[in-house]
Amino acid sequence: MSESILSPEHYFDAGIFRAEQQHIYRKLWIFAGIKQLLAEPDAFLTRTIGGVPVVIQNCGGELRAFENRCAHRQMPLQFEDYGQRRLACRYHGWVYGDDGTVRSIPQEDALYRYSAAERGQLCLQRFALRTVGNFVFVNLAASPAPLETQFTPELLAELEAISAHFSNDAAFARIPARYNWKLNWENVLDTNHVPYVHPRSFLPLLPGMTAAADAAVPARPPATDVSDLSFSTRSTYKLDAQAWHAMVERFGDTDNYYNFYLYPNINFISLAGYVFLIQQFDPVAPERTDVLFTLMVARERKRIPALPAILWGHMKGEKRVLDEDIILLERLQQSLHTQDTRARHGVYESRLVDSARIYARQIAGAA
Amino acid sequence: MSGELWLIGCGDIFETIAAAWPAIEPDTVLHVVRLESPAAIATPFEERLAAASPQPRVFAALDQSALNFARFDVYARLRLGGRRFCTLIHPSAIVDATAKLGENVWIGAGAVIEARSSIGHNTFVGTRALVLGAAELAAHGWVGAAASVGARAKIGTHCVIGADVRIGAGVEVGRFSSIERPGHYAEPIAERTYIDALFELPVRIYGSARKQAGTAG
Amino acid sequence: MPPAAYRSQEWFARERGRLFRRVWQFAGLKTMLGEHNAFITREVCGVPVVIQNFDGELRAFENLCLHRGAKLQWERAGRRPLLCRYHGWGYDKAGAPANIPLHDELYRFSTAERAGMCLRSFALRTVGNLVFINMNAEPIPFEQQFDAGFIASLESSSNAYDGEVITTTWTGRFNWKLAYENLRDANHPRFVHAQTLARSVDFICNVDEALVIDADAEPAPGAGRDLLRRFSWGGRDAPLRGVAPYAWRGMVERWGSDDAYYNWLAFPNLHIASGDGGHAFTIEHHVPLAPDRTAIEIYWMTAKKRRPYPYSSTVLLALMHGSKLVVGEDVRVMESVQAGLHDDAPQGNQGAFEASNRLIERWYMDLMENGGEF
């Protein structure tokens, strides 16, 4: 037995939350969205990462990440989760160039009269951006560590290969939940909850899934590096054949349940290479998490007229499974306040223990 | 109108029509082809209509399963097979003479369709629903029981307006959207938007702009 | 009592530690826990608690799984083994995780580790049909809190309760102490309940001369322990102006034969009454949620039915509607007192009839300011 490294305070304390934002979310590479929705000129997406509003904009074919705040009054430049619009402020009409500098200010001479030096400094802060296949990651650090130190080359190659199969259309949902993001990260690492929490919805589809595989892992040395926290698994999936499956370029040719864990807050799964779901546990406040669902099917070989109905149908199904977790995790969160004992982990939970250890090191600022 | 009508499908509206017959068209003989479920449309059903007299009229009645695509499938296949469709109006519905109704349209009991409104092919309007003046409902749609579509509102193809949903006057709802959380909607709703009790916030589908997908009928 | 006693968060936390974590508190009805695996849950002093029937034995535990801290039972009341929904850990009546599914494959706790795992348990005491718990590791004797005559009266009357119970919870924006003070003030009904309760009950408001002397006297050292028993009393309170001859009253085993208003006040926060001479009973439990927020849990049951009658649930609903009216009148008054309090509010002026409240207040202030005597 190992008593949890994390105390209940790690799940609700405001100071710890700030430390996470600084040492994890503004230091690591964080998933921001998917590339195929940003293909058009001036296509954009917005996110809040580590408390900082970020816009990723297609600037003449190149994706760039900027702070999503006008240099004038700090108004967000883009509002929607995904959209297509030039990088300009709705408040006073400032327009930005591809490099984040202010290209034009309406009535600049009459109203603003910035000196040349002042004018030269008006610029959006830019952040590092990397794409891995259709995955877009950003890093808010001033000098980011290479992406390859956070994810192994093998894992990056897998992500690139599988994401090449993403459809051009994606359904996106933001699901507010009242618990700390780590509870959800730990929950997906803990496959032993599935028989108890999802006996009817999810378990029947996973004949091969067993936490015993995780328990067999103790041979694995304890994780020492952040890159040890992200990995992939696959197990057998009981596929329900659909007519549209014949109309898409499936990933792989086996009925696998593909499962990717990307530290700190992504669980990416694929149902037999036909359906792809990126789940992100986006920290909003110590006790509030937005679960972000990005759901796609494999890319179309020929046009599927009913694709919106297929995406919406899968989205509803995945949400029903998530709701079984949310109802539990929200209660777990509530009970943390009255608790002075810590979780007692069995050997199968070594992945949680690894995560907690490296997380604790990171928020101490030593990572 | 006299003659024969072949009703094919399954679900609540299907059963409503079958049960209300012959009040809907007293002089027409109704033949019923009941499918086991919307999924049953994957297997051919056309031969079950084979015994129909020359050029019989047909009506495809399936509920709003998969953004109305299940009903669309049956409708489109029968249409390609050269069948003639009709429009069915419950005797207690009030349909203004200036309203335009497409084929394979159902207007439920107590529904009111006001002047100059238009309802596209294969769209179903539920019990006691209101379609107010000059509202436009595109094809393959669904308006649930007691829902209302405000004056001059425009609803795109394949939309589901759920029970007790009220779309405000002049509001446009983009195609392939599903609004199923009861309430009043006064702002435009983009295409492929899903507002459902299952989700606290609207769900959106983004990506390649599609041209008239799924409206081949 | 200073306004802070009704308003301050710090005071509230101190009160929870010094008073509520040490006294016996009402927790529920035994009739709701009659069968094996029947349970009720509640939050006591901020701690989630489950009371569960194990083959006839009632046990009170902290309602949190020892593995990840998930709640074991979710519903307010129900019937289900004490089993975690997250990973299936099952607990026995000792609070030990008797069943950890796939233990050897997945957890591999050592024997010593496993032996050390046990749900935190709380002392539990039943009096007739009433269940009390104590959050302290070394609880005071029940008989130190309530005197033998009062306990016997509670036991006898609660044994008369029928098993069909209606319950609800209202939330009032007032400090819980306003409720116990209000209940020990027999002078308020004629003003607050003039159109309701006071029409059928002649509340007697007397000055208890002996109590006045005690309340104003300097306490003898060590007397605090014995004082506690004097805060709770019960039984026949006031005569009724008759009992309406509703048919259902003929179908229950009436407790006693007096046409009296029965009233039991159990310090700190429990009130039981029978307003119709022992035909029906109501329990009012004032649970502190915050300095200015109190949950009012109401239960209604008739005396035991001689045999079932078809409209018994309607009777309970009508009784509950009556509470809504009468308790609502109290809540409005208490909320207005609470709303008027501010840090510099004038202290109240108590009359001689309020000696029992003064007696409690003196003991309570000693407890809060000096740690008191328990």
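Q: How many residues of domain 2 of chain C are in contact with residues of domain 1 of chain C?
A: In this predicted model, local features need pLDDT of at least 70 and side-chain atom pairs count only at pLDDT 80 or more, while totals for chains, interfaces and linings use all residues. Residues are numbered from 1 along each chain as its sequence is written, with chains lettered from A and ligands numbered from 1 in the order in which they are written. The bounds, from an automatic or database domain assignment, are 24-139 for domain 1 of chain C and 142-370 for domain 2. Counting two residues as in contact if their C-beta atoms, placed from the backbone, lie within 7 Å, 10 residues of domain 1 of chain C meet residues of domain 2 of chain C that number 15.

Q: Which element gives the most residues to the side of domain 1 of chain C that touches domain 2 of chain C?
A: With strands (E, at least two residues) and helices (H or I, at least four) taken as DSSP runs numbered from the N terminus, β1 (24-29) and β6 (121-127) of chain C each give two or more residues to this side. The largest contribution, 3 residues, is that of β1(C).

Q: How far apart are the centres of domain 1 of chain B and domain 2 of chain B?
A: The assignment for chain B places domain 1 at 3-85 and domain 2 at 88-204. Taken over C-alpha atoms, their centres are separated by 22 Å.

Q: Which element supplies the largest share of the side of chain C that touches chain A?
A: Here 21 residues of chain C are in contact with 20 residues of chain A. Both β3 (47-54) and α3 (103-107) of chain C supply at least two residues of that side, and the largest share, 3 residues, comes from α3(C).
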